[in-house]
Amino acid sequence: MDELHDLNTMPVPSELRNNIFITTIDRFVSYIYNWGRKRSVWPMMFGLACCAIEMICAAASRFDIARFGSELMRPSPRQADLMIVSGTVTKKMVPQIVRLYNQMSEPKYVISMGACATGGGPFKEGYNVVSGIDKFIPVDVYVPGCPPRPEALLHGLLKLYEKIERQSVRSVPWYQRGESEAIPVPILGPDLIDPRRLPEIRARLGELQAQQGSSPESSL
Amino acid sequence: MIYGIGILKGLGVTLKHFIESYIEDVRYLFEGGRYQPRHLPARQGPRARGIFTVQYPKEKLPLPENFRYIPFLVYDTQENKIKCTSCGICAKVCPPQCIWIVRGTDPSTGRPRPEPEAFYIDATICMSCGFCAEFCPFDAIKMDHDYELSSYERYESLLFDLPRLLKPDTYHAQIHPSDWARELAEKEAEKAKKREKAAARA
Amino acid sequence: MTAPAKAKAAPLAELKGDLAVLKEKFGDAVQPAEYEGVVIANGVLVEAARFIRDELGYQYLSSLTAVDYIQEGYFEVVYHAYRLEGGGPLVFKARTPRGVATIPSLVSVWPGADFQEREAWDLMGIRFAGHPNLKRILLWEGFHGHPLRKDWKEPYYEEEHKPFSSRWPSGHHIRAEDRVFWHDNVQYPLDWDPDQAEDTSDEWLYIGMGQFARAETGERVEPKSLRTERLVVNMGPQHPSTHGVFRMVVTLDGETIVRLEPVMGYLHRNHEKIGERNMYLQNMPYTDRLDYICSMSNNLGYAIAVEKLLGIKPPERAEYLRVIMAEFTRIVNHLWAIGFLLNDLGAFFTPALYAIEERELILDLFEEAAGSRMMCNYMRFGGVAYDVSDDWIARAKELVYNRLPRAIEELDRYLTHNELIQSRCQGVGVLPPDLAVAYSTAGPVLRASGIPYDVRRAEPYSIYDRFDFDVAVRYNGDVYDRYLIRIDEMWQSLRILRQALEQIPRGEIQAGKKQYMMRVPAGQAYGRVENPKGELGFYLVSDGSPNPYRYHIRAPSFINLTALNEMCKGHKVADVVVILGSIDIVLGEVDR
């Protein structure tokens with residue numbers, strides 16, 4: 001029964017799929033819907049490192065993020081729409097970040113603020129640093145800079161508005177059927193372990209062990 | 001002491017701030033409104049009172065000349081060449097090692113040529129420290145003032161290659177006026193020296 | 001693979017002063033060390049430490065750190081102890097072969113050694129025999145290896161020292177991910193079984209907490225009175241008011257705190273490992289990111305440590321500029337700390353907004369002078385990076401004479417006599433003076449407990465001996481006094497600023513030529529400054545190459561946290577956040 005209502009599997013001739021009428025309604029609804037949504041993006045009160053200080057400055061009186069409807073920093077991920085990953089993501093912290101992201105209710109967006117969250121930044125070579133939060137959670141807008149000025153963060157927020165404006169009610173993932181899948185939380189073992197890569201790691205380690213079983217000291 | 005006097009005094013401070021902002025508004029009313037561009041320095045200076053907000057993106061704080069964000073390479077518009085000689089000092093001094101330079105070679109002789117063949121700056125690593133600009137002996141790399149670099153993607157758009165990094169020296173002169181004046185003066189002095197030498201030889 | 005050849009100096013020929021007394025007392029167990037200090041045999045280390053503290057009067061253990069001398073085959077633990085009356089350090093060291101790697105713990109003599117020893121165990125793999133709680137502190141339990149050992153390599157390892165040869169002249173861009181086996185910043189030991197992949201770090205943490213057991217010994221302690229339920233509450237690392245990614249695990253009896261364990265490392269960015277690969281100058285912008293609210297004074301501390309090795313002195317104008325920047329930083333930090341202390345008390349954001357507004361004005365000055373609001377990177381060895389204009393000085397004077405005194409006065413009027421603040425802060429989180437010293441706390445936390453110890457006075461650096469100022473001190477050692485002392489210190493900073501801005505001479509700002517790669521004479525140096533948060537120290541070991549052999553940071557926030565458990569015991573859970581706020585930590589510095 002469900003299949004019959006799914007637009008993607010419905011036996012509709014392809015020329016009728018982009019029905020003008022539906023598209024217009026969809027655009028109108030999306031416009032209203034997105035207009036409301038983009039004016040009240042509530043960020044999560046969540047700071048990691050140096051960039052968090054500039055994020056607080058963006059929320060303070062000089063740069064005043066309230067002008068964009070984003071002054072309500074929610075300490076609870078359940079009430080937040082936007083996660084600003086502001087600072088260096090370390091291996092020890094990344095399980096918590098993924099857990100917080102999973103706890104956020106949809107629609108949810110992520111701004112990666114600063115060089116560190118974007119790609120590891122100046123600390124990329126360090127042994128406890130994740131080279132970019134996008135290895136674990138999807139990022140919508142990257143703001144480079146070390147640290148980005150508060151204006152640069154606001155610019156990133158405006159970029160996010162543009163992205164929200166372009167979303168259509170019909171295609172957004174949170175109105176699709178079924179639950180959205182949670183991202184598996186990374187594990188802290190001898191090093192950071194991405195559970196999605198466990199089979200690969202198991203296979204390759206087995207291979208390597210078989211190859212050089214004589215020297216268990218070495219590591220890769 | 002009556003309990004609560006301290007609280008009331010404290011609340012007086014917030015009330016003062018509240019009223020002050022309106023007094024300022026009225027004062028600005030006679031000067032064409034608070035958001036006139038000419039009022040920006042006063043509104044953001046040490047004597048600022050009342051509302052302190054900068055209406056970004058409609059108005060922007062003036063950036064000091066020293067301000068640094070991500071480096072760019074200066075293109076000499078008079079001599080039509082890249083100023084960089086690919087000496088590699090910036091790549092050596094860069095603390096997070098985010099600069100990659102391929103030194104140019106002369107195709108006919110195969111010897112190094114003082115121009116970079118490729119130049120990369122990884123903006124996802126750059127820590128905006130400004131050492132590259134500070135230690136460049138040719139004034140070829142400078143720190144940019146453009147901070148509006150947000151993007152939806154990081155692998156292509158935040159890896160700056162040579163075409164992306166090059167900016168004309170007119171732009172450099174515009175954002176770093178006193179640095180540019182120093183460069184011009186040095187150039188003049190060098191020219192004068194050469195002329196003197198030539199005159200002495202003749 | 002191996003460390004570069006180390007030019008080792010001959011041990012000091014004869015010992016002077018207190019070192020001679022020490023030698024006389026312990027005989028052959030005390031041997032002179034290279035460059036400075038003595039090496040004490042492990043057998044008498046605890047006894048000697050007690051003698052140093054009680055008889056010689058070096059009550060304050062400032063820094064404890066370890067160095068891996070891989071070629072000589074031993075680890076060296078270096079202790080710097082100071083007298084509270086001021087003066088230089090007594091440096092003593094202990095050595096252990098790399099294979100054994102065990103040294104007696106000094107926690108029984110100086111409780112402030114607790115976290116520092118745990119850090120040395122975590123990063124260097126030195127066991128401290130007799131330490132009550134020797135667990136990893138910055139990394140997690142189960143991490144493979146001890147990263148600061150010279151033979152340990154991280155996944156993205158490229159070369160022993162910077163600059164890397166791959167960047168020039170044929171620097172074809174390649175991401176670090178594409179160079180390594182797993183295409184990510186990870187490495188797994190070959191004998192590890194992926195089927196065992198589960199996170200045990202929390203289990204380790206909770207061992208001994210919440211039960212009627214003493215974590216130190218595992219012995220069961222039966223309650224004398226009525227048996228009540230004990231709860232373990234976890235706060236952080238994501239918590240609205242933990243000042244960054246800081247985590248506390250609290251054991252509660254009802255609502256009263258029985259024990260609190262700080263858990264950190266969520267922002268451990270490997271400063272020291274990266275710092276040992278960098279050239280000396282390249283570490284300067286990294287120090288900005290330690291205590292990211294006070295980058296200017298971090299720069300100053302590092303510059304002073306390296307200048308000690310280089311033996312150079314900056315010109316007058318540069319010295320004045322350094323002091324001006326450092327004191328402005330102190331005001332910035334204390335404004336921020338007070339604003340956010342009020343956040344923690346529940347006065348959400350208004351006091352912080354007022355504080356941030358003043359801070360922004362000072363940041364404008366920093367930005368004009370140094371180029372960045374927060375990451376100033378302003379000091380150089382033997383000077384400062386840029387000169388300031390007369391207009392800058394005029395604006396700074398405007399702030400110092402006009403704006404800031406009014407702002408501080410207003411903050412004072414706004415908060416100090418507020419009865420709610422008083423009832424929340426007075427008598428909360430008390431740290432008695434003897435404990436404050438024993439726990440090696442520094443800065444406002446130490447001075448609020450009645451110990452007038454300020455590095456600017458105790459061992460003057462830069463040109464602080466020229467200025468007329470008082471060391472602020474308060475005597476109750478509670479949260480309220482720690483708040484008041486920050487107001488006092490801002491007034492003193494303004495005093496110094498007034499003098500400095502009036503006296504600043506014209507002239508050079510850099511001694512000699514600015515160099516990016518210089519050889520630093522072999523030696524050891526401990527440079528310390530009075531940061532807004534406390535005593536910031538840099539311990540450097542140079543082997544004569546352009547890169548430091550060892551680069552250690554004595555972070556005041558990190559060591560001040562040692563006393564957190566002591567301050568929180570017996571208080572209600574709601575007070576924890578306030579007490580933490582009154583210590584004023586910054587995670588960039590705690591975890592480094």
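Reader: How much of helix H9 of chain C is buried?

Author: This is a predicted model, so read every value as computed from it. H9 of chain C is mostly covered, with 29 of its 30 residues buried.

Reader: What span does H9 of chain C reach, and what span is expected?

Author: Start from the general idea. An α-helix has 3.6 residues a turn, so residues three or four places apart point the same way. Now the case here. H9 of chain C runs over residues 316–345. From first C-alpha to last, H9 reaches 44 Å. That is close to the 44 Å expected at 1.5 Å a residue.

Reader: What comes just after H9 of chain C?

Author: C:Gly346 follows, with a positive phi of about 110 degrees.

Reader: Which residues other than glycine have a positive phi?

Author: Take C:Ser440, where phi is near 60 degrees. This serine sits in the loop between helix H13 (433–438) and helix H14 (444–448) of chain C.

Reader: Is C:Ser440 buried or exposed?

Author: Buried, because its relative accessibility is 0%. C:Ser462 is another case, with phi near 50 degrees. Look for C:Ser462 in the loop between helix H15 (455–458) and helix H16 (479–503) of chain C.

Reader: Now the contacts. How many residues do chain C and chain A each give?

Author: Chain C gives 70 residues and chain A gives 59. Together the two chains bury about 6,300 Å². Carbon and sulfur atoms carry 61% of that area. Three residues lead on the chain C side: C:Trp140, C:Trp182 and C:Leu190. They supply 14% of the area that chain C buries against chain A, more than any other three residues.

Reader: How many salt bridges and polar contacts link chain C and chain A?

Author: There are 8 salt bridges. One of them joins the side chains of A:Glu125 and C:Arg277, at 2.6 Å from N to O.

Reader: Which elements of chain C give two or more residues to the side that touches chain A?

Author: They are helix H4 (176–179), helix H6 (271–277), H9 and helix H10 (350–370). H10 of chain C provides the largest share, 7 residues. By class, this side of chain C has 40 nonpolar, 12 polar and 18 charged residues.

Reader: And how many residues of chain B contact chain A?

Author: In chain B, 28 residues are in contact with 37 residues of chain A. The pair buries about 2,700 Å², with 57% of it on carbon and sulfur atoms. B:Tyr56, B:Ser150 and B:Tyr152 supply 28% of the area that chain B buries against chain A, more than any other three residues.

Reader: How many salt bridges cross the interface of chain B and chain A?

Author: The count is 1 salt bridge. B:Arg154 pairs with A:Asp134 in a salt bridge, and their closest N and O atoms are 2.7 Å apart. The side of chain B that touches chain A holds 18 nonpolar, 7 polar and 3 charged residues.

Reader: One last feature. Where are cis peptide bonds found?

Author: Check omega. From A:Cys146 to A:Pro147 the bond is cis, with omega near -15 degrees. A:Pro147 lies in the loop between strand E3 (141–143) and helix H7 (150–165) of chain A. C:Lys162 and C:Pro163 are also joined by a cis bond, with omega about -5 degrees. C:Pro163 belongs to the loop between strand E7 (127–129) and H4 of chain C.

Terms used:
Residues are numbered from 1 along each chain as its sequence is written. Chains are lettered from A and ligands numbered from 1 in the order in which they are written. This is a predicted model: local features need pLDDT of at least 70, side-chain atom pairs count only at pLDDT 80 or more; totals for chains, interfaces and linings use all residues. Side-chain values use heavy atoms; hydrogens and water are left out. Helices (H or I, at least four residues) and strands (E, at least two) are DSSP runs, numbered from the N terminus. The expected span of a helix is 1.5 Å times one less than its number of residues. Buried means under 20% relative accessible area, exposed over 50%, partly exposed in between (1.4 Å probe, protein chains only). Contact means heavy atoms within 4.5 Å. Buried area is the accessible area (1.4 Å probe) that two parts lose on being put together, summed over both. A salt bridge is a side-chain nitrogen of Lys or Arg within 4 Å of a carboxyl oxygen of Asp or Glu. Ala, Val, Leu, Ile, Met, Phe, Trp, Tyr, Cys and Pro count as nonpolar, Asp, Glu, Lys and Arg as charged, and the others, Gly among them, as polar.
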